[in-house]
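Colleague: I would like a close look at a single part of this model, with its surroundings described residue by residue. Please keep it plain.

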Amino acid sequence: PVYHLERLGPDLYRCHLKGKPRPAPYEVTIEDAVMKALVSGAEAKRYVTPETSTYLLFPYEMREGRMALIPPAEMAARFPKAWAHLLNYKTILEMREAKRGKDGTITGPVYGDLWYRYVYPKNLDKHDRQKLIVARLVLHLGCSVDPDGVFYLDNVDVGGITVADGQDPWYLAAILNSS
């Protein structure tokens, strides 16, 4: 919930935290430049460009041909509002993979200055590519096309198929969407 936010308008998002009792949603200002449209579940439909209000706080960028976490000082300088949001949850983010032993000691990964990184940073460099968007649980296979790589996929309910250079994604979508 720290990274998945509901977009309300330019640089304005709503955060829906989990917990018991469930905290009230609240608005937060975050720079749009560090946010990515996130497609999941029912938003992935046959032929239809996804419509989503869920955005992903994405503290990564391409460096030297690979996706890398934006360093803390740079993150704070370039995206101070996003950085402030992350700092509000530093303890929670540091403890994501920690385990409490029977004696009360806490063990788990130590992230150091990289506490705001994703726990499982896989395929981060593939989302901004041209791709087909495919829902995971469907009665009939169907997909839509993301020609400009603007949608990031949750990789749980929605997967992506990258299109080889020189191939027409619309033709491939027509084949997959046909009977």
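Predicted model: local features only at pLDDT ≥ 70, side-chain atom pairs only at ≥ 80, totals over all residues.

The request and the reply follow.

Colleague: Which residues of helix α4 are buried, which strands do they pack against, and what does Lys131 touch?

Modeller: The protein has 179 residues, of which 35% count as buried. Its secondary structure comes to 4 helices and 13 strands, and its C-alpha atoms fill a box of roughly 60 × 35 × 30 Å along the principal axes. Among contacts with a separation of 6 or more, 50% are between residues 24 or more positions apart.

Helix α4 covers residues 169–177, and its buried residues are Pro169, Ala173 and Asn177. Viewed down the axis of α4, these residues fall within an arc of 65°, so they line one face of the helix. At the start of α4, the backbone nitrogen of Trp170 has a side-chain oxygen of Asp168 within 2.9 Å.

The buried residues of α4 pack against two strands, β10 (131–135) and β11 (143–146). Lys131 lies in β10. Lys131 has a relative accessible area of 2%, and because buried means under 20%, Lys131 is buried. A polar atom of the Lys131 side chain lies 3.2 Å from the backbone oxygen of Arg129. A polar atom of that side chain also lies 2.9 Å from the backbone oxygen of Phe151. Leaving out residues up to four places away in sequence, Lys131 touches Ser144, Val145, Asp146, Gly149, Phe151, Leu153, Ile161, Thr162 and Val163.

Phe151 and Leu153, both touched by Lys131, bring in strand β12 (151–153), which supplies at least two residues of the lining of the largest pocket. Helix α3 (90–94) likewise supplies at least two residues of that lining. The largest pocket holds about 650 Å³ of space. It is lined by 22 residues, and the closest to its centre are His4, Leu56, Tyr118, Val119 and Tyr120.

Technical notes:
Residues numbered from 1 in each chain as written. Heavy atoms only, no water. Buried < 20%, exposed > 50% of the residue type's maximum accessible area, 1.4 Å probe, protein only. Arc of directions from axis to C-beta. Contact = heavy atoms within 4.5 Å. Polar contact = N/O pair within 3.5 Å; in protein donor to acceptor, adjacent residues only side chain to side chain. 1 Å grid on protein atoms, 1.4 Å probe; cavity = no way out; pocket = protein on both sides within 12 Å on 5 of 7 lines; lining within 4 Å. Points joined across faces, edges and corners; volume = space filled by probe spheres on them.
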